[in-house]
Amino acid sequence: MSLSPGTRWVIHLPITVPDLARARMFARTAARALASLTRAVDTGEVTVSEEDSQGVRHRVFCDRLLPGGGRCALPTDHAVPCTRRIIRHRRNTLRFH
């Protein structure tokens with residue numbers, strides 16, 4: 001098997017949770033944790049699917065292109081304006097900027 005230069009491999013890691021909301025939450029948490037360790041994680045492409053309907057995927061992050069470059073790092077269903085990053089303040093509370 002010969003690979004062309006720039007070939008990318010995708011890791012599929014099945015994890016069972018009871019509903020779409022929890023699947024997205026778990027996937028966001030896992031993606032952000034892994035992204036803090038390596039730049040190889042493309043968080044904008046993170047999706048979740050039902051076990052028996054893996055062809056139907058649901059995005060986890062908004063990933064909209066922002067003015068001036070970059071992509072939105074918030075969840076797909078966010079109610080605040082898009083932003084490139086999430087700012088954590090003391091006591092582990094989130095602030096969006």
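1. A nonpolar surface patch of about 470 Å² is made by Ile11, Leu13, Ile15 and Phe26; a patch here joins residues with over 30% relative accessible area and no salt bridge, nonpolar side chains (Val, Leu, Ile, Met, Phe, Trp, Tyr) being linked within 5 Å and like charges within 9 Å. Phenylalanine 26 belongs to helix H1, and it counts as partly exposed because its relative accessibility is 42%, the classes being buried under 20%, exposed over 50% and partly exposed in between (1.4 Å probe, protein chains only).

2. The model is predicted, so that local features need pLDDT of at least 70 and side-chain atom pairs count only at pLDDT 80 or more, while totals for chains, interfaces and linings use all residues. Residues are numbered from 1 along each chain as its sequence is written, and side-chain values use heavy atoms, with hydrogens and water left out.

3. The largest pocket has a volume of about 1500 Å³; a pocket is an open set of points on a 1 Å grid where a 1.4 Å probe fits, with protein on both sides within 12 Å along at least five of seven lines, and its lining residues have an atom within 4 Å of a point. The lining comprises 32 residues, of which Ile11, His12, Leu13, Val46 and Thr47 lie nearest the centre of the pocket.

4. Helix H1 (20–35), strand S1 (47–50) and strand S2 (53–59) each supply at least two residues of that lining, and H1 gives the most, with 7 residues; helices (H or I, at least four residues) and strands (E, at least two) are DSSP runs. By class, the lining of the largest pocket divides into 18 nonpolar, 7 polar and 7 charged residues.

5. The structure holds 3 salt bridges, a salt bridge being a side-chain nitrogen of Lys or Arg within 4 Å of a carboxyl oxygen of Asp or Glu. In one of them arginine 8 pairs with aspartate 42, the closest N and O atoms being 4.0 Å apart. Since arginine 8 lies in the segment before H1 and aspartate 42 in the loop between H1 and S1, the pair ties together parts that are 34 residues apart in sequence. Arginine 8 is exposed at 65% relative accessibility, whereas aspartate 42 is partly exposed at 37%.

6. Arginine 59 forms a salt bridge with glutamate 45, with 3.8 Å between the closest N and O atoms. This pair ties together parts 14 residues apart in sequence, because arginine 59 lies in strand S2 and glutamate 45 in the loop between H1 and S1.

Technical notes: Points joined across faces, edges and corners; volume = space filled by probe spheres on them. Nonpolar A, V, L, I, M, F, W, Y, C, P; charged D, E, K, R; others polar. Areas by Shrake-Rupley, 256 points an atom, 1.4 Å probe, with all protein chains shown as cover.
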